[in-house]
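Student: Hi, I'm new to this one and would like to go through it with you. Could you take my questions as they come?

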Amino acid sequence: MTASASPELSTGFEEEGSPPPVAEDEGGDAPRTECTITADGSYAARLALDGDCWFPERWTLDGPEPYAVPLPSHQPEEPGTEVQPMGDGRVLIHRPTDGRHVFSLLYPTGPGTGELVLGAVQCPQEGTRLRMLPPAPGGDRAYALAVGRSSSTVWLVAGGAFGPEHVARIPGRCSGGVWLDREGRMLALDRESEGRTKAVVVDLERGGEVSPLLQIAADSDDRVLLADPDSGLLLIRSDAPSPGQERLGWGVLGSTLPVRFPECLRMPECVVTPFAIQPGQVLTPESCGVALRIDGPLASWVAVWRPAERQLRHLAAPEGWLAGAGLWTREGVLQLPYATEEVPCGVARVEAAGVRGAVDTGPGTRAASAEEAAESTASTAAETDPPGPVTPRPVPLQQAPLGGLVTK
C-alpha cells in the first residue's frame, strides 16, 4: 500500500456564535465512556461491579440478543484498569502498577477466565501517562499512547509478534486519538506544542510519519473528536470562531467547503461530545447521523444530529446507559448499551431516521420519547431551535496540508 496525493480539509469556518464550556480530563482527552465497543460493533467490554469488587465483562452485540460474559481474574481489578474488546472476542486488559503498564488478553475457559500475558510497557519518566487508544479497525490490533513531558509515544500493545512494540514517537504532548481509515494505518492525534494544540495525522506504516491535519488559524486550538472513514465527515472542536472559547464544528476531508460551527451545537452550561457517526454514507457526509452525549448541570442525555438538518433531536438516555457508548448501523439505527438490575446486558435501539424520538429498548427498560426528553431537560439546556438564515462570513485562514493521508 503506497501513499498518494492527499486531499485537504478546508481551513475556513462559518462563525455562528459563542461556544459551550468544554469538560475534558487531564491532557485534553474527551470524557471517558463506561464501556468500549469494537470498530465493527461486534463486541464491547467494560469494568462491572460485583459488590465492592471490579471485574472485566465482555458483551456480545452481533447476535440476535446481546449477552454478557464475566471475566473475573484471581483478584479484583483497580478502578483505573482499562479494558478493550478485540475482534476475536478476547478482552485486552491494561493494569498500571508502579511505572509499569501490564497488558494481557482475557478469554472465557469453562467456569474460569484464561489469561495470556502480552508483556509490559515501562514509563520511568515521572508524570508520564499511558492510556488505551480507541479500538483499531480490523480488531486484531490494539494501541496505547504514552504522554511524557515533551513527547508522546504510540505503542502496539496487542497484535504484534513479540509483545508490546514501539511504533511512533511524536514531539509534543498528544491527546485524543481518532482513526481516519478502515485499515488502521492513519491515526489522528491532538498535539500540544508551543502553547497551541493542533490535530496531526500519524502514519503507522511509515515509521510514525507526522503530517498536519487540521490548522484552522495560526493562533487557534484545533482538535479532532470523531471521524467517519466512509464519508470523510470530521467532528472537531476549535476556538477559531471565538478565541479562547471552544466550539463544536464539522468538516469533510477533501472538501473545498469551510469548517462550519452550527448554532444548534452551541449549548451554554452544557458539554456536547460526539460519540458515534453513521457509517456507509460515502457520497453524502451531510446526511450522516451523529450521536451526541450532552452533559448538563443536573443530567446527561443523548441527542441526534445530521449536518444537513441544522437542528438537534433530543432523546432521554435509556435507564442505565453506559454513558458515551453507542454505535450506528448503516441503516440509521442508533444502538445504546445499558445495564440495570433487571436487564444486566441490554441495547436500546433508536430509529432516528423514522418517527421522531422512537426508541425500542426491549423488555425491562423505559426510554422517553424525544419530546419527553426535551421537556425533562428544558430547565438545564439553553434554547437550541435552529436560528434563521445566517450569511456566512468568509475569513482568510492558513493552509492545512494532509500529506500522506490517502492511500491506494
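Student: Let's start with R260: is it buried or exposed?

Tutor: Bearing in mind that this is a predicted model, R260 has a relative accessible area of 15%, and because buried means under 20%, R260 counts as buried.

Student: Where does R260 sit, and what does its side chain reach?

Tutor: R260 belongs to strand β21, which covers residues 259-260, and its side chain reaches the backbone oxygen of P258 at 3.1 Å. The C-alpha atom of R260 is also 9.9 Å from that of L235, although the two residues are 25 apart along the chain.

Student: Switching topic, how many residues are in the largest nonpolar core?

Tutor: That core has 21 residues, and L235, L292, I294, W305 and L312 are those with the most contacts inside it. Strands β18, β19, β20, β22, β23 and β24 each supply at least two of its residues.

Student: And what does W305 touch?

Tutor: Leaving aside residues up to four places away in sequence, W305 touches several residues, including L235, W250, P262, L292 and L312.

Student: Okay, how many aromatic pairs are there?

Tutor: The structure holds two. In one of them, Y143 and W179 are tilted, at 5.4 Å centre to centre with 55° between the planes, and this pair links strand β11 with strand β14, its residues being 36 apart.

Student: What about F275 and W321?

Tutor: They form a tilted pair as well, at 5.6 Å centre to centre with 50° between the planes. F275 lies in strand β22, while W321 lies in the loop between β25 and β26, 46 residues apart, and both are buried.

How values were computed: Residues are numbered from 1 along each chain as its sequence is written. This is a predicted model: local features need pLDDT of at least 70, side-chain atom pairs count only at pLDDT 80 or more; totals for chains, interfaces and linings use all residues. Side-chain values use heavy atoms; hydrogens and water are left out. Helices (H or I, at least four residues) and strands (E, at least two) are DSSP runs, numbered from the N terminus. Buried means under 20% relative accessible area, exposed over 50%, partly exposed in between (1.4 Å probe, protein chains only). A polar contact is a pair of N or O atoms within 3.5 Å; within protein, one must be able to donate a hydrogen and the other to accept it, and residues adjacent in sequence count only if both atoms are side-chain atoms. A nonpolar core is a set of buried Ala, Val, Leu, Ile, Met, Phe, Trp, Tyr and Cys residues joined through side-chain atoms within 4.5 Å. Contact means heavy atoms within 4.5 Å. Rings of Phe, Tyr and Trp (its six-membered ring) pair if their centres lie within 6.5 Å; planes under 30 degrees apart count as stacked, over 60 as edge-to-face and the rest as tilted.
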